[in-house]
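These are my notebook entries on a single protein chain. I set down what I looked up, in the order in which I looked.

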Amino acid sequence: MKKSGSEAEADREARQAREAENMQKQELGAEAGEGAGGHEPAAAELHDVLRRFIAARAGVLEAAAEAIARSVRAGGKVLLFGNGGSAAEAQHFAAELVNGMRHRGRPPIPAIALTTDTSSLTAIGNDRGFALVFSRQVEALGRPGDVAVALTTSGTSPNVVEALKTARAKGLVTVGLTGEGGGEVAPLADHLLDVPSRSTPRIQEAHLFILHLLAEELEDRV
């Protein structure tokens with residue numbers, strides 16, 4: 001049966017509306033697929049890294065938190081160091097401890113990032129070599145019973161390793177945040193928090209998570 005002109009026009013408009021809606025759905029689906037393909041694997045990888053870290057190192061994390069808290073309660077301080085992104089995370093953690101992360105009314109926790117004094121860093125680097133930029137500061141500022149927190153994704157950064165050697169010699173408690181296995185840091189850390197990954201981005205992301213957990217624990221314990 002032949003449709004009238006008005007009916008045919010209505011059918012055509014309805015068909016065009018359906019086609020436009022389907023096209024919009026396809027475009028949105030493509031955009032979602034692109035996002036999922038680019039980001040979901042990294043998110044899933046980080047989730048797996050954190051899950052495996054907690055499963056393997058929850059006890060070490062607890063022991064590290066208690067060791068730091070014990071040092072601070074006894075009048076000690078926390079010295080932090082690392083390179084690049086790890087330097088930024090050392091400074092971030094020091095700020096959380098000094099300023100307070102959740103409980104702003106609590107007393108500050110004494111913490112110093114050894115990555116921030118550019119005069120000392122450049123003087124030591126120029127006169128003694130970059131491998132000693134942290135160890136010289138640990139030698140100057142560290143006291144027995146203080147805590148040295150080292151961050152290195154590889155576990156092999158020479159200046160971090162040297163600083164831990166100095167910290168050990170001076171009687172500081174040593175905590176190492178590294179990638180899988182700990183590298184050269186492993187035998188120098190009283191508490192080794194090694195993230196089960198060899199991906200620098202995932203290790204650094206996990207380190208920030210760990211530092212936030214430690215900051216929360218310290219606020220509750222000190």
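The entries below go from the whole chain to single residues.

**Entry 1: ground rules.** I am reading a predicted model, in which local features need pLDDT of at least 70 and side-chain atom pairs count only at pLDDT 80 or more, while totals for chains, interfaces and linings use all residues. Residues are numbered from 1 along each chain as its sequence is written, and side-chain values use heavy atoms, with hydrogens and water left out.

**Entry 2: confidence.** I looked up pLDDT, the predictor's confidence in each residue, from 0 to 100. Its mean over the chain is 90, and 83% of the residues reach 70 or more. Confidence is lowest in H1, with a mean of 76, and highest in E3, at 99. Over residues 25-35 pLDDT stays under 50, and the model has one contact beyond four places in sequence for them. Contact here means heavy atoms within 4.5 Å. I note that where pLDDT is low, the predicted coordinates should not be read in detail.

**Entry 3: the chain as a whole.** I found six helices and five strands. Helices (H or I, at least four residues) and strands (E, at least two) are DSSP runs, numbered from the N terminus. Starting at the N terminus, the order is α-β-α-β-α-α-β-α-β-β-α. Of the 222 residues, 39% count as buried. Buried means under 20% relative accessible area, exposed over 50%, and partly exposed in between (1.4 Å probe, protein chains only). The chain exposes about 11500 Å², of which carbon and sulfur atoms supply 54%. These areas come from the Shrake-Rupley method with a 1.4 Å probe; for residues, only the protein chains shown count as cover. Among contacts with a separation of 6 or more, 70% join residues 24 or more positions apart.

**Entry 4: helix H2.** For its 15 residues the span should be 21 Å, and the end C-alpha atoms are 21 Å apart, which agrees. Which residues of H2 are buried? They are Ser-86, Ala-87, Glu-89, Ala-90, Phe-93, Ala-94, Glu-96 and Leu-97. An α-helix has 3.6 residues a turn, so residues three or four places apart point the same way. The cover over the buried residues of H2 includes strands E1 (78-82), E2 (111-113) and E3 (147-151) and helix H6 (200-221). After H2 comes Gly-100, with a positive phi near 100°.

**Entry 5: two buried loop residues.** I looked up Val-185, in the loop between strand E4 (173-178) and strand E5 (191-194). Its relative accessibility is 1%, so Val-185 counts as buried. Gly-155 is 30 residues from Val-185 in sequence, yet their C-alpha atoms are 5.3 Å apart. Beyond four places in sequence, Val-185 touches several residues, including Val-160, Val-161, Leu-164 and Leu-192.

I then turned to Thr-115, in the loop between E2 and helix H3 (118-127). Thr-115 counts as buried, at 12% relative accessibility. Its side chain makes a polar contact with the side chain of Gln-91 at 2.7 Å. Such a contact is a pair of N or O atoms within 3.5 Å; within protein, one must be able to donate a hydrogen and the other to accept it, and residues adjacent in sequence count only if both atoms are side-chain atoms. Among the other contacts of Thr-115 are Leu-80, Phe-81 and Phe-134.

**Entry 6: salt bridges.** How many salt bridges does a search of the whole structure find? The search finds 16. The criterion is a side-chain nitrogen of Lys or Arg within 4 Å of a carboxyl oxygen of Asp or Glu.

- Arg-221 pairs with Glu-66, the closest N and O atoms being 2.8 Å apart. Arg-221 lies in helix H6 and Glu-66 in helix H1 (residues 5-73), so the pair ties together parts 155 residues apart in sequence.
- Asp-146 pairs with Lys-77, the closest N and O atoms being 2.7 Å apart. Asp-146 lies in the loop between helix H4 (135-141) and E3, and Lys-77 in the loop between H1 and E1, so the pair ties together parts 69 residues apart in sequence. Asp-146 is buried at 3%, and Lys-77 is buried at 19%.
- Arg-102 pairs with Glu-219, the closest N and O atoms being 3.7 Å apart. Arg-102 is in the loop between H2 and E2 and Glu-219 in helix H6, 117 residues apart. Arg-102 is partly exposed at 39%, whereas Glu-219 is buried at 5%.

I also recorded a network of salt bridges that links Glu-62, Glu-66, Arg-73, Glu-217 and Arg-221.

Methods:
The expected span of a helix is 1.5 Å times one less than its number of residues.
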